[in-house]
Amino acid sequence: MLRSRRSLLVWQLWKQRCTTPSRSQGEAVPPTPEDHHNALRPVAHLLFKKLKDEQLCRLSEAVESRGRWDSGCVWLPWEGRAGKQVLPPQVLVCRLYRWPDVRTTTELKSLSHCENFWRRSVEGTTVCCNPYHLSRLAAPEASASPINKTREAARPALCKVALMEKEFSRHTVRGLHDTTLSRGSIRDGHWCKLAYWEHRTRVGGLYSVTESSIHIFHDLPKASGLCLGFQGSEPRNETVKRTRKKIGLGLVLSHEQGEVWVYNQSEHPIFINSPTLAPVHAPGQAVHKLLPGYSIKVFDAEIAANLVGRSDLGDGPYDPHSVRISFAKGWGVCYSRQFITSCPCWLEILLNTPK
């Protein structure tokens with residue numbers, strides 16, 4: 001009875017998901033929901049039959065919550081091309097519930113809280129098929145977009161930003177200087193510190209990160225990490241209030257063997273500036289737009305080491321170990337806001353300088 005009820009529930013959730021337009025970057029003319037329904041019906045039935053009751057319950061909870069809380073891994077044997085299932089199970093569940101246009105496992109990345117992240121999957125083993133334990137990989141060259149869609153074709157793929165923020169580096173807000181001056185206080189074991197800003201005002205203190213990954217969110221039940229909803233209690237203007245509500249599930253920041261990754265778990269884009277995201281020989285700095293459900297590598301230690309001492313990375317203060325992220329609002333030459341200090345809600349990530 002439980003299995004029959006859960007199978008019906010998962011199937012209904014999939015049908016509901018198929019009616020929701022895809023948010024992902026992909027082909028210009030995506031297939032219709034009916035096309036997906038008809039094409040995936042046989043393999044979906046096979047998938048649900050192979051799931052045990054416990055795994056089926058977990059899958060149902062994951063899809064119902066849309067990632068608002070972690071229901072755990074959903075394990076399924078990976079049988080390659082055996083039988084009628086020609087799609088890897090990870091790709092299949094992502095097509096069913098999140099991205100109808102995903103095609104291969106190379107487009108996906110396991111998140112750090114998934115057991116698949118810590119072990120290598122090979123044929124003949126089990127793999128996690130929780131669609132909210134996966135993200136889509138974003139290509140830096142295609143992530144930035146202009147505010148004026150009528151001129152989109154004429155814009156370069158990357159928005160070069162003239163960050164004239166010398167005033168910001170000298171600017172003092174209620175006795176707090178630019179947080180890039182605070183890195184000296186980072187102790188061993190803290191791989192980064194976080195500073196949350198609203199326009200030019202830093203809200204709250206520096207938050208030390210010692211775990212390999214951290215959630216940064218405004219509203220996320222059953223979660224731990226940095227809750228921006230609890231930061232500050234002073235009156236805010238309407239722009240800040242509206243933007244704070246858009247933070248929602250926020251992002252996941254993870255440290256992975258000298259690399260730092262960001263996963264956008266919210267329902268709105270985030271905008272990222274990092275020196276190691278820009279092309280190696282490109283002058284100036286770049287702002288990258290990361291869509292919901294996507295992950296991108298925002299910092300590479302080897303690339304950062306080669307950038308030390310460069311003078312062609314734009315005007316204003318430059319730090320090869322600092323990443324800035326704005327929630328929902330972009331900045332730079334492609335947007336109405338020229339500087340990140342004009343963004344309502346943004347985050348500064350101060351990475352621990354290698355000894």
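The points below go through the folding, packing and ring contacts of this predicted model.

1. Overall content. The chain has seven helices and 16 strands. Of its 355 residues, 50% count as buried. When contacts between residues at least 6 apart in sequence are considered, 69% of them join residues at least 24 apart.

2. Helix 3. This helix covers residues 53-65. Arg66 follows helix 3 and has a positive phi, near 55 degrees.

3. Helix 4. Residues 89-97 form this helix, and eight of the nine are buried, so helix 4 is largely enclosed by the rest of the structure. The buried set is made up of Pro89, Gln90, Val91, Leu92, Val93, Cys94, Leu96 and Tyr97.

4. Strand 8 and its partners. Strand 8 (residues 213-217) is mostly covered, with four of its five residues buried. It pairs with strand 10 (residues 251-256) in the antiparallel sense over four bridges, and Ser213 has Ser254 of strand 10 as its bridge partner. With strand 9 (residues 225-227), strand 8 pairs in the parallel sense over three bridges. On that side, Phe217 stands opposite Cys227.

5. Nonpolar cores. The largest nonpolar core holds 34 residues, and Leu194, Ile216, Leu253 and Ile272 touch the most other members. Strand 14 (residues 294-300) gives the largest share of this core, four residues. A second, separate core has 25 residues, including Leu47, Leu51, Trp78 and Leu92. Leu92 is also among the buried residues of helix 4.

6. Surroundings of Leu194. Leaving aside residues up to four places away in sequence, Leu194 touches Gly205, Leu206, Tyr207, Val209, Ile214, Ile216, Leu226, Leu253, Leu347, Glu348 and Ile349.

7. Aromatic pairs. The count of aromatic pairs comes to two. Trp197 and Trp346 are stacked, at 5.2 Å centre to centre with 10 degrees between the planes. Trp197 is in strand 6 (residues 192-198) and Trp346 in strand 16 (residues 346-351), so this pair links parts of the chain 149 residues apart. Both tryptophans, Trp197 and Trp346, are buried. For Phe271 and Tyr335 the ring centres are 5.4 Å apart and the planes are at 75 degrees, so the pair is edge-to-face. Phe271 lies in strand 12 (residues 270-273), while Tyr335 is in the loop between strand 15 (322-327) and strand 16, so the pair ties together parts 64 residues apart in sequence. Phe271 and Tyr335 are both buried.

8. Charge over a ring. The charged end of Lys109 sits over the ring of Trp261, at 4.7 Å from the ring centre.

Key
Residues are numbered from 1 along each chain as its sequence is written. This is a predicted model: local features need pLDDT of at least 70, side-chain atom pairs count only at pLDDT 80 or more; totals for chains, interfaces and linings use all residues. Side-chain values use heavy atoms; hydrogens and water are left out. Helices (H or I, at least four residues) and strands (E, at least two) are DSSP runs, numbered from the N terminus. The expected span of a helix is 1.5 Å times one less than its number of residues. Buried means under 20% relative accessible area, exposed over 50%, partly exposed in between (1.4 Å probe, protein chains only). Two strands pair if DSSP finds at least two bridges between them. Rings of Phe, Tyr and Trp (its six-membered ring) pair if their centres lie within 6.5 Å; planes under 30 degrees apart count as stacked, over 60 as edge-to-face and the rest as tilted. A charge sits over a ring if NZ of Lys or CZ of Arg is within 6 Å of the ring centre and within 35 degrees of the ring normal. A nonpolar core is a set of buried Ala, Val, Leu, Ile, Met, Phe, Trp, Tyr and Cys residues joined through side-chain atoms within 4.5 Å. Contact means heavy atoms within 4.5 Å.
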